[in-house]
Amino acid sequence: MGQFEILKDFVFGISRSRVSLIGAMIVTVTTPFLFGYMLADTVWHIKNPYFGGAIYLALGPAFLGGLAMIFVGAFFFRGQREVHLFTLQYLRKYFTEPDMFGRLRKNVFLIVLLTSVNFVVFSMFLYRAYHYMESTTFCGQFCHTVMNPELTAYQNSAHSRVACVECHIGAGADWFVKSKISGARQLLAVAASTYPRPIETPVHGLRPARETCEQCHRPELFHGDKLSVDRRFLDDEQNTEVYDVLLMKVGSAGDRVQSSHGIHWHVAPQNKISYRATDHSRMVIPEVRLTREDGSEVVFKTDDADKQLATGGTLVEDREMDCIDCHNRPSHVYLPAEEALDNKIAEGVIPVALPFIKQQALEVVNAEYTSREEAKAEIADRLSNWYAKNYPQLPDREQLVVKAIAGVQTAYTENVFPEMNIGWGTYVNHVGHGPDFEVGCFRCHDDMHVSSDGQTISADCNTCHTLLALEEESPEILQTLRDE
Ligand code: HEC
Ligand code: HEC
Ligand code: HEC
Ligand code: HEC
Ligand code: HEC
C-alpha cells in the first residue's frame, strides 16, 4: 500500500511539472526500443553501424536525458512552494513536522530505488556503448563516405583482422578520453561537413605508438634476410612478365643470442635515433642524431640544415624514430597505380592475353575523374572503344575486354577516392623509396646527410637489400631456387 502511495505521489509530482512531463514522455517512448535493441545487440552482435549508432548515440542519450528531466522537474520546479526548499527555515520545517518528514522519507526512498534501477540500466548501457564505440564497425562504417577509403585500404591489408582501436587507442584512460574527445569533434565535423578531404594523417595525434605494434610484433626476434619476389608487367604488346628479386635485410633489433643488425637495427634498445623535421608530415629531415649505447653521439646534417632549421619555426620538432617512421601505412595501404594493376594481372583478374592491356589500363586509371561512378563508366568506355578500334579481329575480344574492364575498375576503386580527394600517391608509404629515390628511407639515406667526420647515411643499393634481379624475364636466381 505504501509503495502505491509513493508512486501516486511521484506521478502527481511529475504531472505538475512540464519539464518532468516531457521527460516522462521521452522515457516512455524510448524505453521499449532501447531495451529491445540492446537485447538484440547483446544476443546477435548486430554489425550494422547505423543500428549501433541509433542505440548508443541517439536512443540511449535521449533516454538518459528524459530521466534527468523527470527528476529535475519533479524535485525542483514543482511551483512556488518548492523554491523554499533551499531556505534553512523551510528545511527545518521539513525535518521537524512529522507529516512533512514522512513525505520526505518517501521521496528519499523513491530516489534510492529509482537510482538503483537506473544504475543497472546505466551500467549496461555504458558497457554496450563502450564496446560499440570500440568496434571496427563504428570506426570504419558509421561515417560511411568519410572513412570508406581507410576502411577499404584496411580490408585489403595484412591487418584486416586487427581492430581499429588496437592501433589507434593506446593503453590507459587518458588515451580513451583523448580519442573520444577527438571522436566527438570528428562527429561534429561530419555533421557539419567541415572535415578535411582527404582526412588528415594523425601524425601528431592518434598515430599509434611503438608499444602498440610491440603488443604483437617483436623485432628483437626477427632474424635473417627475406627473399622478395615481385612480378611485374611491361607496357609492350605482350605485357611481358618480368621479375624483381631482392634479398631484404630485415635483420633484427637484437636480443640475448643475436646482435642488432640490418633494417631493424634502428629500433634496437641500445641505439637511439632521433631527427628534426621541418614540415608537418615529416618529409623533410635536415638533421639526424644517433646516440650509441656508450653514450657517443653522431650528428648527420645536410649542407643547408642550419638554415632550414632556423627558418622552420614552430614546425621543427625533435622526434625519436620508431616503427611508424617506416611502417606509416601498415594497414591503410594505398598502392601506386602500376603495382595495383600488376597485382591484378598477376592474379589473372585482368587477362594478360589482351595485347597492350598494361599500357592501356595505366593510361585510363591515371586520368582525372570527379567520382568513382564516372571513373568506372569512363574506364569501360575507353577500353572497349580502344580494343574495338585497334583489335577488331582479336578472338574472344569481347569476353577478354569485359573481364579486363572489371579488373581495372577494381584496381581503381580499391585505391582512388575522388570524393575524398584521394588520388594515386596521396598517402606516401615510407617502407621503401618509391621509384625516384626521394621518399621513405631516402629522407635520411641519401648520402647527403654528413657527420662532422665525413660519414654519411648510406644510399648504397646493398645497404638494405641485395638486388638479385631487376626487370628480368627469367632470373637466374629463380631458376636456381626452383631447380629448373
Ligand atoms: C595496424 C595498425 C592500424 C589499424 C588496425 C588501423 N589503423 Fe588507422 N592508421 C594507422 C597508422 C600507422 C596511421 C598513420 C598513417 C601515417 O602516419 O601516415 C593511420 C591513419 C589513419 C587515419 C588518417 C588518414 C590516413 O589514412 O592517414 C584514419 C582516418 C584511420 N587511420 C582510420 C582507421 C580506421 C577506421 C581503422 C579500422 C577500420 C583503422 N584506422 C585501423 C594504423 C592502423
Ligand atoms: C593485434 C595484433 C597486431 C598489432 C597491434 C599490430 N600487428 Fe602487424 N600484424 C599482425 C598480424 C597477425 C600480421 C600477419 C598478418 C598475415 O600474415 O596475414 C601482421 C603483419 C604485419 C606486417 C607484415 C605486413 C605484410 O604486408 O606482410 C608488418 C610490417 C606489421 N604487421 C607491422 C605492424 C606495425 C608497424 C604495427 C603498429 C602500428 C602493427 N603491425 C600492429 C598483428 C598485429
Ligand atoms: C628503418 C625502418 C623500419 C623501422 C624503424 C621498423 N621497420 Fe619493420 N620493416 C622494415 C622493412 C623495410 C621491412 C621489410 C619490408 C619488406 O619485406 O618489403 C620490415 C618488416 C617488418 C615486419 C615483417 C617481417 C617479416 O619477416 O616479413 C614486421 C612485422 C615489422 N617490420 C614490424 C616492425 C615493428 C613492430 C617495428 C617497431 C618496433 C619496426 N618494424 C620498425 C622497416 C622498418
Ligand atoms: C630518420 C632517418 C632514417 C630513416 C628514415 C631511415 N634510416 Fe636507416 N639508418 C639511419 C642512421 C642514422 C643509420 C646509421 C648510419 C651509420 O651508422 O653510418 C642507419 C642505418 C641503416 C642500416 C644499417 C644498419 C646496420 O646494420 O648498421 C640499414 C640496413 C638501414 N638503415 C635501413 C633503412 C631502411 C630500409 C629504411 C627505410 C625503410 C631506413 N633505414 C630509414 C637513419 C635512418
Ligand atoms: C635505406 C635502404 C635502401 C636503400 C639504400 C635502397 N633501397 Fe631499394 N628498397 C628498400 C626497401 C625497404 C624496399 C622494399 C619496399 C617494399 O617492400 O615495397 C626496396 C625496394 C626496391 C626495389 C623493388 C621495388 C619493387 O617493388 O619491385 C628496387 C628495384 C630497389 N629497391 C632498387 C634500389 C636501388 C637501385 C637502390 C640504389 C640506388 C636502392 N634500392 C637503395 C630500401 C632501400
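Predicted model: local features only at pLDDT ≥ 70, side-chain atom pairs only at ≥ 80, totals over all residues.
Trainee: How many helices and strands does the chain have, and what share of its residues is buried?

Mentor: The secondary structure comprises 17 helices and seven strands. Of the contacts between residues at least 6 apart in sequence, 64% join residues at least 24 apart. Across the 484 residues of the chain, the share that is buried comes to 37%.

Trainee: Is helix H14 largely enclosed or left open by the rest of the structure, and which elements cover its buried residues?

Mentor: Helix H14 spans residues 357–366, and seven of its ten residues are buried, so it is largely enclosed by the rest of the structure. The buried residues include Ile 357, Leu 362, Val 364 and Val 365, and Lys 358 and Gln 360 also belong to them. The cover over these buried residues includes strand S1 (226–233), H13, helix H15 (372–390) and helix H16 (397–413).

Trainee: Which protein atoms are donors to the iron atom of ligand 3, and what is the arrangement of the six donor atoms around it?

Mentor: The protein donors are the NE2 atoms of His 264 and His 327, lying 2.0 Å from the iron. For six octahedral donors, the ideal angles at a metal are 90 or 180 degrees. Around the iron atom of ligand 3 the six donor atoms subtend angles of 86 to 178°, which makes the arrangement octahedral.

Trainee: Where in the chain do His 264 and His 327 lie, and how many residues apart are the parts that the pair ties together?

Mentor: His 264 is found in the loop between S2 and strand S3 (272–277), whereas His 327 is in the loop between helix H12 (323–326) and helix H13 (337–346). With a relative accessibility of 14%, His 264 counts as buried, while His 327, at 36%, is partly exposed. The pair therefore ties together parts whose separation in sequence is 63 residues.

Trainee: What is the make-up of the shell around ligand 5, and which strands each supply at least two of its residues?

Mentor: The shell divides into eleven nonpolar, four polar and three charged residues. Of the 18 residues around ligand 5, those that come nearest are Asp 244, His 433, Cys 461, Cys 464 and His 465. The strands that each supply at least two shell residues are S2 (241–248) and S7 (465–472).

Trainee: Which side chain has an N or O atom 2.7 Å from a nitrogen atom of ligand 5?

Mentor: Oxygen atoms of the ligand have to be set aside here, and these lie 2.9 Å from a polar side-chain atom of Asp 230 and 2.8 Å from one of Asp 244. The side chain that lies 2.7 Å from a nitrogen atom of ligand 5 is that of His 465.

Notes. Residues numbered from 1 in each chain as written. Chains lettered and ligands numbered in written order. Heavy atoms only, no water. Near = heavy atom within 4 Å. Polar contact = N/O pair within 3.5 Å; in protein donor to acceptor, adjacent residues only side chain to side chain. Helix = DSSP H or I, 4+ residues; strand = E, 2+ residues; numbered from the N terminus. Nonpolar A, V, L, I, M, F, W, Y, C, P; charged D, E, K, R; others polar. Donors = N, O, S within 2.8 Å, 3.2 Å for Na, K, Ca; no water. Tetrahedral: all angles 85-135°; square planar, octahedral: opposite > 155°, others 65-115°. Buried < 20%, exposed > 50% of the residue type's maximum accessible area, 1.4 Å probe, protein only. Contact = heavy atoms within 4.5 Å.
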